[in-house]
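Please keep the sequence and the model in view while reading.

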Amino acid sequence: PRGGAVDARAAAQSLGVSPGTVRRWASGVQKPTAGRLQSIRQAARRVTTTKRGRRAATADFRASARGSQALKVGTKIWVSGVQGVNADPEYVRDRLCAEKIEPNQIEDLLRAYEDGGDPGLRDALRDFYDENYVADWDFLTIDDFGFGTPD
């Protein structure tokens, strides 16, 4: 429910259930058993903790309609969470910041995530906002981010 679109067919095949069951889990109508939930969590961790999983996730983004379009002409990037100018603690607060981003900069962020995971992406986002938004910009938390407009 808090992530992107679920490929119900692929998830169902991996977990040995029907695509309808996966859709019910994703919508919150039904809950998986404890054993299935553990399998889902392990699979989700593999996606974010291995380079192979992160590359698969970024490949999915690149192949998506939104990703393909963004990588052709650019778009906006938005980040929500506790953030602000590092040197001014009174300016740091929970907010959503959006900024125009060029295709090559999107690729830089995707590669940073593929190679360095969440810490690598955070560093790349910090550098991007520092250069394109406000100097010394930092993220204490990143609750969500995306390309285009927030859903």
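Of the contacts in the chain with a separation of 6 or more, 58% join residues 24 or more positions apart; contact here means heavy atoms within 4.5 Å. The model is a predicted one, in which local features need pLDDT of at least 70 and side-chain atom pairs count only at pLDDT 80 or more, while totals for chains, interfaces and linings use all residues. Residues are numbered from 1 along each chain as its sequence is written, and side-chain values use heavy atoms, with hydrogens and water left out.

The chain has six helices and four strands, in the order α-α-α-α-α-β-β-α-β-β along the sequence. Helices (H or I, at least four residues) and strands (E, at least two) are DSSP runs, numbered from the N terminus. Taken along the principal axes, the box filled by the C-alpha atoms is roughly 50 × 35 × 25 Å. The chain has 151 residues, of which 31% are buried. Buried means under 20% relative accessible area, exposed means over 50%, and partly exposed lies in between, with a 1.4 Å probe and protein chains only.

Which residues touch the most other members of the largest nonpolar core? They are Ile77, Ile101, Ile106, Leu109, Leu125, Tyr129 and Phe147, in a core of 21 residues. A nonpolar core is a set of buried Ala, Val, Leu, Ile, Met, Phe, Trp, Tyr and Cys residues joined through side-chain atoms within 4.5 Å. At least two residues of this core come from each of helix H5 (65-73), strand E1 (75-85), strand E2 (93-101), helix H6 (103-132) and strand E3 (137-139). H6 gives the largest share, 10 residues. Leucine 125 touches Ile77, Val79, Leu109, Phe139 and Ile142, residues up to four places away in sequence not being counted. Apart from this core lies another, of five residues, including Ala8, Leu15, Val22 and Trp25.

Helix H1 (residues 8-15) has Ala8, Ala12 and Leu15 buried. These lie on the same side of H1, because they cover an arc of only 75 degrees around the axis, the arc being that of the directions from the helix axis to the C-beta atoms. An α-helix has 3.6 residues a turn, so residues three or four places apart point the same way. The buried residues of H1 pack against helix H2 (19-27) and helix H3 (34-49). On the face of H1 turned away from its buried side are the exposed residues Arg9, Gln13 and Ser14. Glycine 16, with a positive phi near 75 degrees, follows H1.

In the segment before H1 is valine 6. It counts as partly exposed because its relative accessibility is 49%. Not counting residues up to four places away in sequence, valine 6 touches Val22 and Ala26. Between valine 6 and serine 27 there are 10.0 Å, C-alpha to C-alpha, and the two are 21 residues apart in sequence.

Alanine 63 lies in helix H4 (residues 51-63) and counts as exposed, because its relative accessibility is 65%. Its C-alpha atom is 18 Å from that of threonine 48, 15 residues away in sequence. Is alanine 70, in contrast, buried or exposed? With 4% relative accessibility, alanine 70 counts as buried; it lies in helix H5. Leaving aside neighbours within four places in sequence, alanine 70 is in contact with Thr75, Pro103 and Ile106.

The loop between H6 and E3 holds aspartate 136. Most residues other than glycine have a negative phi. Aspartate 136 has a positive phi of about 65 degrees although it is not a glycine. Its relative accessibility is 48%, so aspartate 136 counts as partly exposed.
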